[in-house]
Amino acid sequence: MVRLAQAVFKGGGVKGIGLVGALAVAEERGWRWRSVAGTSAGAIPAALAAAGYRAPELKAIIGELDLRQFEDGGGLKPLNLLLHEGLYKGQVVIDLVQRLLGQRLGKAEVTFRDLPVRCMVVTADLTHRRLLVFPDDLAGAPYHLPDPLAFPVAHAVRASVSIPFFFEPYRLALPGGVTATLVDGGLLSNFPIHLFRPEGKAPAVPTFGFSLVTPKEMEPEPTGTPRQLVEALINTLLGGRDRSDLLNQEYARAIWIETGRYKTTQFDMDDAGKEWLYQSGRMAAEQFFADPATEAWLRRFPYRMAGPG
């Protein structure tokens, strides 16, 4: 049986490989996507899933991918940081995402209008001190783009993955001569589950949140020393809103994917590391769907059948 749901993918750099493992289990259980959203690394599987890629294809792409190519700085790193506000250009992200989207949809440059499934990509706009959701926010103030759906998906993903000081910020030229400086969406919402909050009505389909976590994140934050207090403050600022959005609601549930010892910018990860993260995602999703509480939650939604495939 093929059923419709919505999917949200959390950011986490190269640890996002775990998202693909969890996605594979969801697909094997018959789930297909009415809408998707993602932040930072989570924007990549969101965009590719919206274009029609399935998890086995994404796993094959990851297996062949040399993650070190994302470190596309060239020259002296300190000089890049000083002159361009980032160690690496991030052009490889645009090229890779556009190539994959183009291969699937047969276009040289894929826009949000071209995607078969609705997709939202989150970034942080430093110029206007706000969260920016592609493409939805582009029509209104302060952006006023005449055709938001014509925005290239690969460029939105590039903006979303712009880890401050690691990648150069993405510059978005706006009408009137203003340029918005965009950085990693995780600065404001790394797990944008709120994008699918139903307004004033019961949700028509469930929302699955694919979330990357370390074991430490699942425990209460210690605040006994000044250093611990500062760390707790930063972690709450970065993730408190997203966690609160999961409380006391019925439209979404999270699949918590442990990422072990792996780091966000560990671009020298070997094949064994990739496989560990993928299997961790599978294990988390299998436990999620086998949980009687999940089964009870899903029974609250009417069966909405997806099309073929």
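## Overall composition

The secondary structure of the protein comes to ten helices and ten strands, where helices (H or I, at least four residues) and strands (E, at least two) are DSSP runs numbered from the N terminus. This is a predicted model, in which local features need pLDDT of at least 70 and side-chain atom pairs count only at pLDDT 80 or more, while totals for chains, interfaces and linings use all residues. Residues are numbered from 1 along each chain as its sequence is written, and side-chain values use heavy atoms, with hydrogens and water left out.

Of the 309 residues of the protein, 53% count as buried; buried means under 20% relative accessible area, exposed over 50%, and partly exposed in between, with a 1.4 Å probe and protein chains only. Among contacts (heavy atoms within 4.5 Å) between residues at least 6 apart in sequence, 73% join residues at least 24 apart.

In helix H3, which spans residues 55-64, the buried residues are Ala55, Leu58 and Ile62. They cover an arc of only 60 degrees around the axis, which puts them on the same side of H3; the arc is that of the directions from the helix axis to the C-beta atoms. Pro56 and Glu64, on the other side of H3, are exposed.

The packing partners of the buried H3 residues are helix H1 (17-28), helix H2 (43-50) and helix H9 (271-290).

The axes of H1 and H3 come within 8 Å and cross at roughly 155 degrees, the axes being lines fitted to C-alpha atoms, for helices over the stretch in contact, and the angles running from 0 to 180 degrees between N-to-C directions. H1 and H3 are therefore roughly antiparallel to each other, given that angles under 35 degrees count as roughly parallel, over 145 as roughly antiparallel, 65 to 115 as roughly perpendicular and the rest as oblique. The crossing of H1 and H3 is left-handed, a term that applies if the near helix is turned anticlockwise from the far one by less than a right angle, with right-handed used if clockwise. On the H1 side the contact involves Ile17, Val20, Leu23, Ala24 and Glu27, which meet Ala55, Pro56, Leu58, Lys59 and Ile62 in H3.

For H1 and H9, the axes come within 6 Å and cross at roughly 40 degrees, and these two helices are therefore oblique to each other. H1 passes H9 in a right-handed crossing. The residues making this contact include Gly18, Gly21, Ala22, Val25 and Glu28 of H1, and Leu277, Tyr278, Gly281, Arg282 and Glu286 of H9.

## Salt bridges

Side chains of opposite charge can pair when their charged atoms come close. A search of the whole structure finds eleven salt bridges, each being a side-chain nitrogen of Lys or Arg within 4 Å of a carboxyl oxygen of Asp or Glu. One of them joins Asp66 to Arg68, with the closest N and O atoms 3.1 Å apart, and Asp66 counts as partly exposed at 38% relative accessibility.

Asp114 forms a salt bridge with Lys107, where the closest N and O atoms are 3.1 Å apart; Asp114 is partly exposed with a relative accessible area of 22%, and Lys107 is partly exposed with 38%. Asp137 is paired with Arg130 in a salt bridge whose closest N and O atoms are 3.1 Å apart, Asp137 being partly exposed at 21% and Arg130 partly exposed at 24%. Salt bridges that share partners also join Glu28, Arg282 and Glu286 into one network.
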